[in-house]
Amino acid sequence: MKNPQILFALLAILISSCTSTRKPLPIENGVAKTMAEYRKANISNLEYHLNFDIPEAREEAISGTNKISFDLLSTDQDLQIDFRENAGLLHKVVCNGKSSNFRFEAEHLIIPKGELVSGKNQIDIEFTAGSTSLNRNDEFLYTLFVPDRARTAFPCFDQPNLKAKFQLELRVPKSWKAMANGKIESVKEETDKNHYKFLTTKELPTYLFSFVAGKFETITRERNGHQHTMYHRETDQDKLDNNTDEIFRLLFQSLDWLEEYTDIPYPFTKYDIVVIPSFQYGGMEHTGATLYNDSKMFLDKDATQTSLLGRANLIAHETAHMWFGDLVTMKWFDQVWLKEVFANFLADKITNPSFPDMNHKLKFKMAHFPSSYSIDRTSGANSINQVLPNLKDAGTVYGSIIYHKSPIVMDMLEKITGEEGLQKGLRTYLKSYAYGNASWEDLIGILDEGTASNLKQWSNVWVNKAGRANITTEIITENDRIAELKLTQSDANGNAGTWSQDLNLILGYADKTVNLPVKFNQTQVIIPNAKGLRLPDYIIPNGSGNAYGFFKMDEKTKQFLLTDIHKIKDDLQRGIAWINLYENLREGEVEGKDFLLATEQQLSKEKNTLILARMLSYMRSVYWLNLSAEERKQLGSHLEESLWIRLNQEKDMGNKSSLYSAFSNIAESPERLKQLYQVWKEEIAIGGFSLSETKATALACNLAIKMPGKANEIVSIQIERIKNPDRKKKMQFIAPALSADVQIRKEFFASLLKAENREIERWVLDALQYLHHPLREKEALTYLPQNLDLLQEIQITGDIFFPYNWLSACYGGHQSKEAGKITRKFLEERPDYPENLKLKILQAADLVLRKEQGKR
């Protein structure tokens with residue numbers, strides 16, 4: 001049938017006859033999946049024409065209009081339009097040219113079905129914008145609508161699989177600039193404002209719709225005839241001079257690489273970036289208007305290799321989203337990881353050429369495995385694929401599993417399909433679903449056609465199952481030779497493991513290493529090639545870095561790594577050994593004191609930058625969370641001395657920066673604190689290492705806690721030193737958390753219980769970390785019950801990472817049984833507590849819950 005209008009009418013009649021007895025859809029808070037599926041089946045050709053009038057004063061309301069046009073297949077149901085605000089903000093609703101007899105219920109503007117028609121509909125709404133996700137500051141604002149927050153600002157169909165074209169108009173103060181997803185069509189001067197009109201976008205989901213307005217400076221560069229603009233508020237000219245060219249280089253490198261890899265030119269009309277002070281995330285991939293955190297982009301002159309690599313990966317990650325997430329979007333947020341896995345996995349590939357001297361297998365290992373293990377070792381571990389009946393809970397699916405375990409799993413998949421096979425499959429996937437939606441199952445269906453492996457069965461274990469395999473090594477000896485070498489896998493509860501993966505078992509000797517490939521696809525496997533070999537000094541079951549799990553060490557291996565890990569000459573294997581050793585510590589197989597002494601012993605020996613950074617990170621964690629105050633007193637001075645010596649001897653400025661951060665973090669002795677105080681006062685320097693404003697501010701906060709007698713002096717002077725207005729406001733905000741006065745700290749904590757005082761989340765999290773510093777653990781225990789009580793509200797009022805980050809900031813300084821008891825009591829008294837938030841608590845509180853159970 002060639003006439004689409006006749007076909008559309010017949011479909012409408014068919015659906016109407018099939019659904020004439022359909023029960024009304026339930027009306028519930030949030031965006032229920034059942035309701036969203038109905039809308040997806042019935043709504044098409046969706047467009048929004050939005051207008052916002054933005055006043056300069058942040059406390060004044062923003063008025064708006066929204067013209068929603070769409071084709072409707074069936075009129076058997078009232079139409080629910082999402083708006084998570086009160087009904088009083090809706091001023092006028094017109095449906096198809098007539099005033100609507102709408103009602104408002106459970107966060108929805110509801111249009112009666114009698115006002116709708118099969119075919120073209122138009123709904124015009126006048127409203128006051130909600131402020132929850134407009135991130136209004138004194139001199140700027142920016143939208144952040146992921147995952148379901150567009151409905152907090154304007155009425156819409158807030159679901160990822162109802163993509164729409166957006167046309168936007170903004171009226172902003174004359175001293176402000178504005179930018180959005182689309183190109184600027186025109187700017188017209190009015191009496192006291194500028195009126196921006198933006199060109200209509202390609203099809204986008206609501207969570208990617210975005211605009212930014214405020215007092216920004218701009219820098220523009222050109223690539224292949226297209227201009228790309230960076231909006232920023234940085235006032236430090238040295239930082240701009242040191243970073244701008246590299247930011248654009250990384251951006252253009254990412255665009256070039258992705259166009260080549262996908263065989264698809266950049267799929268949208270423009271690509272600009274905005275660098276936001278204290279932005280909640282590292283970045284957010286708004287189509288053509290990507291937002292970045294200023295501290296991740298404008299780095300210090302002596303930035304560490306880790307920071308430089310982090311920035312490169314961040315820019316590559318967000319740019320990859322233009323294809324993976326923006327061009328092709330997941331159908332529902334239960335598979336939000338589908339966009340994140342490609343962004344992270346491909347970012348690692350994109351950044352490799354920028355670091356030619358780096359061991360990229362080691363980089364991948366260090367970037368993803370520790371973060372993923374930090375969740376998978378806990379009783380709150382979640383699978384990559386998650387269940388999500390309602391988008392109001394979508395924020396809780398985010399975390400280290402989707403950002404770090406999924407790239408590990410994708411690396412496994414690439415080894416099954418081959419690099420060329422995966423690339424070919426991804427090209428097909430992108431071209432098949434361009435400007436639409438797709439699922440993991442759609443991709444697996446494409447890839448399955450090109451491989452003999454059963455990818456669906458493989459996916460069921462690695463994508464749908466939570467946790468990690470616990471893998472043990474058992475050796476039976478005979479005349480100092482291996483009679484039998486056996487590997488056994490189980491889950492966290494001791495049940496037989498079902499993970500299938502390839503291992504490269506490394507047997508280490510003084511004169512050589514033996515590599516034994518193992519296909520580990522059953523509960524137990526005996527390694528026949530090991531029979532008759534000499535007993536090794538150590539065993540690394542995951543020696544090539546691609547295997548995933550907890551590898552419990554035998555006693556001989558453990559002792560070797562604690563004393564002689566530097567004798568492992570291969571950087572990748574030594575890096576893996578450090579991760580395995582730390583995981584054995586966290587699982588109670590290694591004492592904190594022994595681990596710390598081993599780390600200190602290796603400080604002077606480790607030359608690899610990535611491994612050194614990981615060692616120092618582990619050192620800081622173990623020092624504060626695995627040692628008692630008495631043990632810190634016994635070991636601290638010697639550890640400070642070792643760090644001080646390596647710091648002053650180090651030639652590489654990036655390594656020196658990492659060593660300085662570790663040294664200043666753990667220093668407690670009066671002598672070293674006096675030294676750091678003199679460094680902060682700029683009376684002495686540390687071996688050619690100078691403090692940037694960022695490092696000086698961090699040091700001031702550190703010293704204020706450790707030297708309470710000087711806290712007021714240090715904080716007030718540092719506030720005066722800070723020149724950038726945004727960073728000065730941040731320091732003023734967190735100052736009460738640094739106070740030596742307990743009452744001031746308590747009053748500040750009480751202020752955080754009010755949502756309006758938690759608007760700038762990065763500031764709040766930094767302040768919480770200071771309130772819960774290990775040196776204040778006894779006082780911080782009194783805050784912990786209220787921290788937990790507030791979590792459900794935090795989920796509603798905060799952005800996607802805020803609930804877990806809130807918990808991490810609260811638990812980050814605790815190691816006591818008392819903290820575990822408070823947590824256990826909280827959960828036991830609330831048997832019906834939301835499962836998704838319960839898992840977040842179990843993840844963040846893992847250490848103290850183990851302590852409460854008598855585990856070390």
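Which residues does Gln675 touch, not counting residues up to four places away in sequence? They are Trp644 and Ile684. The model described here is predicted. Its protein chain holds 30 helices and 28 strands. With a radius of gyration of 28 Å, close to the 29 Å that the globule rule gives for 856 residues, the chain is as compact as a globular protein of that length.

**The chain as a whole**

- Along its principal axes, the C-alpha trace of the protein chain spans about 90 × 65 × 60 Å.
- Of the 856 residues in the protein chain, 59% are buried.
- Among contacts in the protein chain with a separation of 6 or more, 71% are between residues 24 or more positions apart.
- The protein chain has an accessible surface of about 34100 Å², and carbon and sulfur atoms account for 48% of that surface.

- Gln675 is part of helix α18, which covers residues 670-680.
- The relative accessible area of Gln675 is 17%, and a residue counts as buried under 20%, so Gln675 is buried.
- The side chains of Gln675 and Arg672 are joined by a polar contact of 2.6 Å.

**Aromatic pairs**

- A pair of aromatic rings is described by two quantities, the distance of the centres and the angle of the planes.
- Across the whole structure, a search finds 49 aromatic pairs.
- In the pair Phe52 and Phe211, the ring centres are 5.1 Å apart and the planes are at 35°, so this pair is tilted.
- Phe52 belongs to strand β1 (residues 43-53) and Phe211 to strand β14 (residues 211-214), so their pairing ties together parts that are 159 residues apart in sequence.
- Phe52 is buried, with a relative accessible area of 2%, and Phe211 also counts as buried, at 2% relative accessibility.
- In the pair Phe369 and Tyr373, the ring centres are 5.9 Å apart and the planes are at 80°; the pair is therefore edge-to-face.
- Phe369 and Tyr373 both sit in helix α7 (residues 360-376), where they are four residues apart, about one turn of the helix.
- Both of these residues, Phe369 and Tyr373, are buried.
- Ring pairs also link a cluster made of Tyr48, Phe52, Phe83, Phe127, Phe145, Phe154, Phe166, Phe209 and Phe211.

**Charges over rings**

- Tyr373 has Arg468 over its face, at 4.8 Å from the ring centre.
- Tyr509 has Lys512 over its face, at 6.0 Å from the ring centre.

**Helix α23**

- Helix α23 (residues 761-771) is largely enclosed by the rest of the structure, because nine of its eleven residues are buried.
- The buried residues in α23 are Glu761, Trp763, Val764, Leu765, Asp766, Ala767, Leu768, Tyr770 and Leu771.
- The cover over the buried residues of α23 includes α19 (693-706), α21 (725-738) and α22 (742-751).
- It also includes α24 (777-780), α25 (784-789) and α27 (802-811).

**Ile184**

- Ile184 lies in strand β12, which covers residues 184-189.
- With a relative accessible area of 39%, Ile184 is partly exposed.
- Apart from neighbours within four places in sequence, Ile184 is in contact with Ala178, Tyr196, Lys197 and Phe198.
- Ile184 and Leu199 are 15 residues apart along the chain, and their C-alpha atoms are separated by 6.2 Å.

**Backbone points to note**

- Most residues other than glycine have a negative phi, and most peptide bonds are trans.
- The peptide bond that joins Val146 and Pro147 is cis, with omega about -5°.
- Pro147 lies in the loop between β9 (140-142) and β10 (165-173).
- Glu107, a residue other than glycine, has a positive phi near 65°.
- The loop that holds Glu107 runs between β6 (103-105) and β7 (108-111).
- Tyr435 is not a glycine either, and its phi is positive, at about 60°.
- The loop that holds Tyr435 runs between α9 (419-432) and β21 (436-438).
- Tyr435 is partly exposed, with a relative accessible area of 27%.

Technical notes. Residues numbered from 1 in each chain as written. Predicted model: local features only at pLDDT ≥ 70, side-chain atom pairs only at ≥ 80, totals over all residues. Heavy atoms only, no water. Phe/Tyr/Trp six-rings, centres within 6.5 Å; stacked < 30°, edge-to-face > 60°. Helix = DSSP H or I, 4+ residues; strand = E, 2+ residues; numbered from the N terminus. Buried < 20%, exposed > 50% of the residue type's maximum accessible area, 1.4 Å probe, protein only. Lys NZ or Arg CZ within 6 Å of the ring centre and 35° of its normal. Rg over C-alpha atoms; globule rule 2.2 N^0.38 Å. Contact = heavy atoms within 4.5 Å. Areas by Shrake-Rupley, 256 points an atom, 1.4 Å probe, with all protein chains shown as cover. Polar contact = N/O pair within 3.5 Å; in protein donor to acceptor, adjacent residues only side chain to side chain.
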